[in-house]
Amino acid sequence: MLDRGTGCIDVYPKGSKTTEHTVEAFQHFAGAKDKVTSFYSDNAPGMKAAARQCAWRISAATTGQPQANGVVERSVRTVKEGGSCGMVQSGLHPKWWPSAGKHFCFSKNTAMIDGDSCYHVRHGKGHFKGLLIPFGALVELMPQIETKTGSFGRKTIMGYLPWVPCTIRGALER
């Protein structure tokens, strides 16, 4: 999904294209406080049904003519290429694509361009102050209390960092 007003972009990979999943994605993207004044999509029945269920005004592209939907098609391509790039650079298996796509969108939304970020323009909550860690990076993690680490040696464990929304959200809200 792309917010043309701010440039914020996100991806919601699901195994199916049900109206229920699409409504969940719409509600997550728009948030509780944002008012969507206009929604543009292809003529996919699930997208149209979900937009109606959310009470969004919808405009649709001409069926079978992807050039009529150029902005959306280019955004989809950008997310696919960005997520794929993260997977290739990390060496992780393609099953990690949903996490790689989310990580790419987060990185793009929080990137500082001309002194501002899409996230700040959209939400007005400041800029990301956390560590910018590449997708799939090998990092030291503090284990959960129930994880035994032994009496001597390091108290952390090594692990890969995929997309971790709770950690990222905490850093944004500080």
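A residue is called buried when its relative accessible area is under 20%, exposed when this is over 50%, and partly exposed in between, with a 1.4 Å probe and protein chains only. Arginine 122 is buried by this rule, with a relative accessible area of 17%. The structure is a predicted model, in which local features need pLDDT of at least 70 and side-chain atom pairs count only at pLDDT 80 or more, while totals for chains, interfaces and linings use all residues. Residues are numbered from 1 along each chain as its sequence is written, and side-chain values use heavy atoms, with hydrogens and water left out.

**Salt bridges**

Side chains of opposite charge can pair when their charged atoms come close. A salt bridge is defined here as a side-chain nitrogen of Lys or Arg within 4 Å of a carboxyl oxygen of Asp or Glu. The model has 3 salt bridges by this rule, as the table sets out.

| Aspartate 3 | Arginine 122 | 3.6 Å |

Helices (H or I, at least four residues) and strands (E, at least two) are DSSP runs, numbered from the N terminus. Aspartate 10 is buried at 16% relative accessible area, and lysine 102 is buried at 15%.

Arginine 77 and glutamate 81 both lie in helix α3, 4 residues apart, which is about one turn of the helix. Arginine 77 is partly exposed at 48% relative accessibility, and glutamate 81 is partly exposed at 40%.

**Charges over rings**

A charge sits over a ring if NZ of Lys or CZ of Arg is within 6 Å of the ring centre and within 35 degrees of the ring normal. Lysine 102 places its charged end over the ring of tyrosine 12, at 4.2 Å from the ring centre. The charged end of arginine 122 lies over the ring of phenylalanine 29, at 4.4 Å from its centre.

**Aromatic pairs**

Rings of Phe, Tyr and Trp (its six-membered ring) pair if their centres lie within 6.5 Å; planes under 30 degrees apart count as stacked, over 60 as edge-to-face and the rest as tilted. The count by this rule is 4 aromatic pairs. Phenylalanine 26 and tryptophan 56 form a stacked pair, 4.8 Å centre to centre and with 15° between the planes. This pair links distant parts of the chain, 30 residues apart: phenylalanine 26 is in helix α1 (residues 19-30), and tryptophan 56 is in the loop between α2 (45-53) and β2 (58-60). Phenylalanine 26 is buried at 1% relative accessibility, and tryptophan 56 is buried at 12%.

In a further pair, the ring centres of phenylalanine 106 and phenylalanine 128 are 5.2 Å apart and their planes stand at 90°, so the pair is edge-to-face. Phenylalanine 106 is in helix α4 (residues 97-110), and phenylalanine 128 is in the loop between α5 (118-123) and β3 (137-141), 22 residues apart. Phenylalanine 106 is buried at 12% relative accessibility, as is phenylalanine 128 at 15%. Phe26, Phe39 and Trp56 form one aromatic cluster.
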